[in-house]
Amino acid sequence: MSGPVALVPGVPALLPSYASLEDPVADLRAACLDAVGRLGARVRVRASGPSGLRVAAALVAASGGAVVDDDETGVLVVGNGSATRTEKAPGHLDERAAGFDAALRRTFTGIDTALAAELWADTACLGELPPLGEAEVLYDDAPFGVQYWVAVWRTA
Amino acid sequence: MRLGRQHFGDDEALMMAIVNRTPDSFFDKGATWAEDAAFARVAEVVAQGAEIVDIGGIKAAPGVEISPAEEKARVVDFVARVRASYPGLVISVDTWRAEVGDAVCAAGADVLNDAWGGADPELVDVAAAHDVAIICTHTGGVTPRTRPYRIEYDDVVAAAVTDTVAYAERALAAGVARESIVIDPAHDFGKNTFHSLEVTRRIGEMVATGWPVLVSLSNKDFVGETLGLEVGERLVGTLAATSVCALAGARIYRVHQVVETRQTVDMVWSIAGRRPPLRAIRGIQ
């Protein structure tokens, strides 16, 4: 990868088609737009599936950029931690979730993919990312029982 | 749509709260007859989010004759008081008399709600002169404050469309602004329960005229007769009828219960795809 790299979670509530009168993810949205805005006009997207691709495309479009396959000015990676952090989380509470997310917070290498699946985590595209400790982290929270990070790396 | 000094978007549904300055209206039975009680009612419905208050000095049903002077005594100073306290509130006055309309507009009214279908031909001229809105209702040509008795229509909805559109065009010709003309089929006015049910079922035909539609359903006898319920027990039936009109796109709801009607219309408006949910996150976090 060359140029800046950003990480956002694939949250469908960020899509224009799921807009509410009161934005339930206003802080997250602001952080995502901040991050994507730093990727330049040509953004290559890495996501684990069509839902994440749609969210990425919407964020890139909202930032005035375009999704491209080559000659990118920046890379947008879509993914997030577990979705089992609380009893009201999408996958209900799993006691292992907090530790799993804490480990991801230290490094994205060596992810236990079987555990990730059990914890409803979207980690398929995270493995190549440098650690969060080397990034500017714009958002780190689990407001709905799902662990989100928004981060930007300035790679050489 | 423009109601006096206030503009509203085409996707907005508006609550018009009934405020009676009468001792004998059917629903509240004089609860807001005293001026301070009526003023408290205005404060309450404003707090509940009503965009419009509809102030009336004469009950619709037959009863003691109320002279124009008495009607003005009931509503003109009250309109001025409400206007002074609520500069942004749309004030409608429920009257069919041009003389009363002229006086309330001078006191700050924004809308003339002519529930009796143009019985006084000069009312449109008053609306035009004051640049206020007018509600054009269908009554089948009955005399104000009379009950329907053995009235038949070939097609009640066609009659309502024809008469209200003709009234709207008469208002336009008299100089009322196009964006300030509203039509109302007037449930139960010149109509039996079967007529009012049919008008409700086919309210989309009134919406299709392009004129914004007001519906006045609140606790009326067609609800009571349909469900076998007395006044005071008709809220659920009223809201069911409200849902049908909202789905078809009626824009203004003349109501006693603002909160319940607002919830109903907001819900239907969202089902119809005209209003996003307030705050949706379930399943999309």
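Predicted model: local features only at pLDDT ≥ 70, side-chain atom pairs only at ≥ 80, totals over all residues.
**Reading sheets, helices and cores**

Trainee: Let's start with a pair of strands. In which sense do S1(A) and S4(A) pair, and over how many bridges?

Mentor: S1(A) pairs with S4(A) in the parallel sense, and four bridges link them. To count as a pair, two strands need at least two bridges found by DSSP. The strands themselves are DSSP runs (E, at least two residues), as are the helices (H or I, at least four residues), and both are numbered from the N terminus.

Residues are numbered from 1 along each chain as its sequence is written, while chains are lettered from A and ligands numbered from 1 in the order in which they are written.

Trainee: What is the order of the six strands in the open sheet of chain A?

Mentor: Read across, the order is S3-S2-S4-S1-S6-S5, with mixed pairing. At the edges sit strand S3 (66-67) and strand S5 (136-141) of chain A, each pairing on one side only. S5(A) runs antiparallel to strand S6 (residues 148-154) of chain A, and five bridges join them. Across that pairing, A:Asp140 stands opposite A:Trp149 in S6(A).

Trainee: Which helices pack on that sheet?

Mentor: Helix H1 (residues 26-37) of chain A lies across S1, S4, S5 and S6 of chain A, at about 160° to S5(A). Helix H2 (residues 50-62) of chain A touches S1, S2, S3 and S4 of chain A, and its direction makes about 140° with that of S4(A). For those angles, axes are lines fitted to C-alpha atoms (for helices, over the stretch in contact), and the values run from 0 to 180 degrees between N-to-C directions. Contact means C-beta atoms, placed from the backbone, within 7 Å.

Trainee: How many residues of S4(A) are buried?

Mentor: Five of the five are buried, so S4(A) is largely enclosed by the rest of the structure. A residue is buried with 20 or more other C-beta atoms within 10 Å of its own, exposed with 12 or fewer, and partly exposed in between, with C-beta atoms placed from the backbone. In a regular strand, side chains alternate between the two faces of the sheet. Here A:Gly74, A:Leu76 and A:Val78 point one way, and A:Val75 and A:Val77 the other.

Trainee: And which residues cover the two faces of S4(B)?

Mentor: B:Ile52, B:Asp54 and B:Gly56 are on one side, with B:Val53 and B:Ile55 on the other, and all are buried. Strand S3 (residues 14-20) of chain B runs parallel to S4(B), joined by five bridges, and B:Ile18 stands opposite B:Asp54.

Trainee: Which residues of helix H6(B) are buried?

Mentor: Residues three or four places apart in an α-helix point the same way, because there are 3.6 residues a turn. In H6 (residues 193-201) of chain B, the buried ones are B:His195, B:Ser196, B:Val199 and B:Thr200. They span an arc of only 135° around the axis, which puts them on the same side of H6(B); the arc is taken from the directions from the helix axis to the C-beta atoms. Those residues pack against H5, H7, H8 and H9 of chain B.

Trainee: Which residues touch the most other members of the largest nonpolar core?

Mentor: Nonpolar side chains tend to be buried together in soluble globular proteins. A core here is a set of buried Ala, Val, Leu, Ile, Met, Phe, Trp, Tyr and Cys residues joined through C-beta atoms within 7 Å. In the largest one, of 80 residues, B:Ala17, B:Ile52, B:Val53, B:Val79, B:Val104 and B:Ile134 touch the most other members. H5(B) gives the most to this core, with seven residues. Apart from it lies another core of 47 residues, including A:Leu76 and A:Trp120.

Note on methods:
Contact = placed C-beta atoms within 7 Å.
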